[in-house]
Amino acid sequence: MKNIVIYVAFLTYSLGISQTFTEQDTLRGSITPERAWWDLTYYHLDISVDPDKKFISGTNTIRYKVLDKNQVLQVDLQPPLVIEKITQDGKNLSFESNGNAHFVTLGKTQNVEEFNEIVVHYSGHPKEAVRAPWDGGFSWKKDDNGKDFVATSCQGLGASVWWPNKDHMYDEVDSMLISVQAPKGLMNVSNGRLRKVDEETNTYHWFVSSPINNYGVNVNIGDYVHFGETYDGEKGMLDMDYYVLRDNLEKAKEQFKQAPKMMEAFEHWFGPYPFYEDSFKLVEVPYLGMEHQSSVTYGNQYGNGYLGRDLSGTGWGLKFDYIIIHEAGHEWFANNITYKDIADMWVHEGFTMYSESLFIEYYYGKEAAAEYLLGIRKNIRNDRPLIGPYNVNKAGSGDMYNKGANILHTFRQIMDDDEKWRATLRGLNEEFYHQTVTTKQIEKYLDDQVEGDFEPFFEQYLRTANIPVFEYEIQNGKLKYRFTNVIDGFKMPLKVEMAGKTVWITPTTAWQSKSLKGKDIQVDPNFYVNVKKV
């Protein structure tokens, strides 16, 4: 094995929780020298799926551009899947394996600016998902008629759990052909547009023309029927296609009426749907759902809420189908704007949880949206920071959903300009169109939209688990106030009601005072702070 930088990382969160990471975590989560020198341009994943044996086999052609001189290339594939051989220009290549990482020694000289490709042949019994989509792998199920119902999901664990690829989020492939041979009588639905079907082998060829993140690639096999519509959107006519189990067609035709409503609301807030070239699909699967790019998967039992529950406890969560709205919201935040490192997963989940409130606001008003966001605050644990440790494939706290949404809601209050806020959300999707990003890039973009320095704001809310406490006391007609439970240098504008009037103040960690008419104040609850009268 050559030029491999290996280390065991010991990282400590601000709450004092210590974690140890292994060599495999580093190989999976970092941009190793064997990844850095080549840029992905194209995949052709060509596989056969055998549900009876829970077995897959096939090839992935990996095309790349040479950025720097190197002769060793890292490909990722997780056991128990086995690489049978790897070729370049028809010649077998040698490779060494270290767990999930396989280091391929290339025979011919890799010249900078050239385009080359390798073909990875593999097969085996992929990991079976126990509780999809959270643990990842293949879901081998049967529908109510006893027919095979198969799907993949792999965020976090990694796409290499079922196909060989460059399994790091920083480098998205530019385009991709997905060819899947399914059992006779069943259909495969994957990302992008259906290019053709080989009737003799029952192989479905789907082409993705936009950059796609690796966990967004999916296989879905079932006794599907299709219906669809076109949506007149910001970039023209958008094909919206729906693939559901045969027995659920009528339920789907009713429930999926929410899909164009979603598209209308999110194009308003976020700008054009990012993948017009590849269409939009909802595909029924035997698990809850996932944001697979242009092939959003659905398993919410054709009802509103989250499996019939309102996560906010306000009633507003039952006004929409959680999986249709949330997972489709990821088309903008996860698939268009994608984290480079899963440590920044809050960028996906915080913005997308927040998108639920924007859907509510578009159809039911701003007050309803605020009620929803305040409702989901009760689910925040503040157990650890939203941002995880970098370079080891580790996400931050699960609070990235509810807390992430409330951080954005708070920032909107600070901006205090709804049209500017909408322009900011649209601007994010334009500025980082089809890109992978870091939290710092998102922070800087948001910070640039308001006056003042809000770096301490993001440090506080994203990198600690402590919620600012607004302390105040009233003496002799004076309001004294400050923030506690915050980092050094923290300050934030705050809207309060005093004697029936709305007033802006900017507390810091030092006591300040202000003349007060009246007996008490009310802090605007839309700001995510705790309030303590001393």
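Before we start, some bookkeeping: residues are numbered from 1 along each chain as its sequence is written, and side-chain values use heavy atoms, leaving out hydrogens and water. Since the model is predicted, local features need pLDDT of at least 70 and side-chain atom pairs count only at pLDDT 80 or more, while totals for chains, interfaces and linings use all residues.

The protein chain has a mean pLDDT of 96, and 97% of its residues reach 70 or more. Residues 1-17 are another story, with pLDDT below 50; that stretch still has 52 contacts in the model beyond near neighbours in sequence. Contact here means heavy atoms within 4.5 Å.

Now for the sheet. Helices (H or I, at least four residues) and strands (E, at least two) are DSSP runs, numbered from the N terminus, and two strands pair if DSSP finds at least two bridges between them. In the order β11-β12-β17-β14, 4 strands make an open sheet with antiparallel pairing. Because β11 (137-142) and β14 (187-189) sit at the edges with a single partner strand each, one side of each lacks a neighbour in the sheet. Look inside and you'll find β12 (residues 148-153) joined to β17 (residues 220-222) by 2 bridges, with A151 opposite N220 in β17.

Next, find L358 in helix α6 (residues 346-364). L358 is buried, at a relative accessible area of 0%; buried means under 20%, exposed over 50% and partly exposed in between, using a 1.4 Å probe and protein chains only. Not counting residues up to four places away in sequence, L358 touches W269, F270, R412 and L425.

Helix α8 (residues 402-415) holds I414, which is buried too, with a relative accessible area of 10%. Setting aside neighbours within four places in sequence, I414 contacts F454, F457, M492, P493, W504 and F527.

Last stop: helices α10 (residues 439-447) and α11 (residues 455-463), whose axes come within 10 Å and cross at roughly 135°. Axes are lines fitted to C-alpha atoms, for helices over the stretch in contact, with angles from 0 to 180 degrees between N-to-C directions. That makes α10 oblique to α11; under 35 degrees counts as roughly parallel, over 145 as roughly antiparallel, 65 to 115 as roughly perpendicular and the rest as oblique. The contact is made by T439, K440, E443, L446 and D447 of α10 and E455, F458, E459, L462 and R463 of α11.

Definitions and conventions
pLDDT = per-residue confidence, 0-100.
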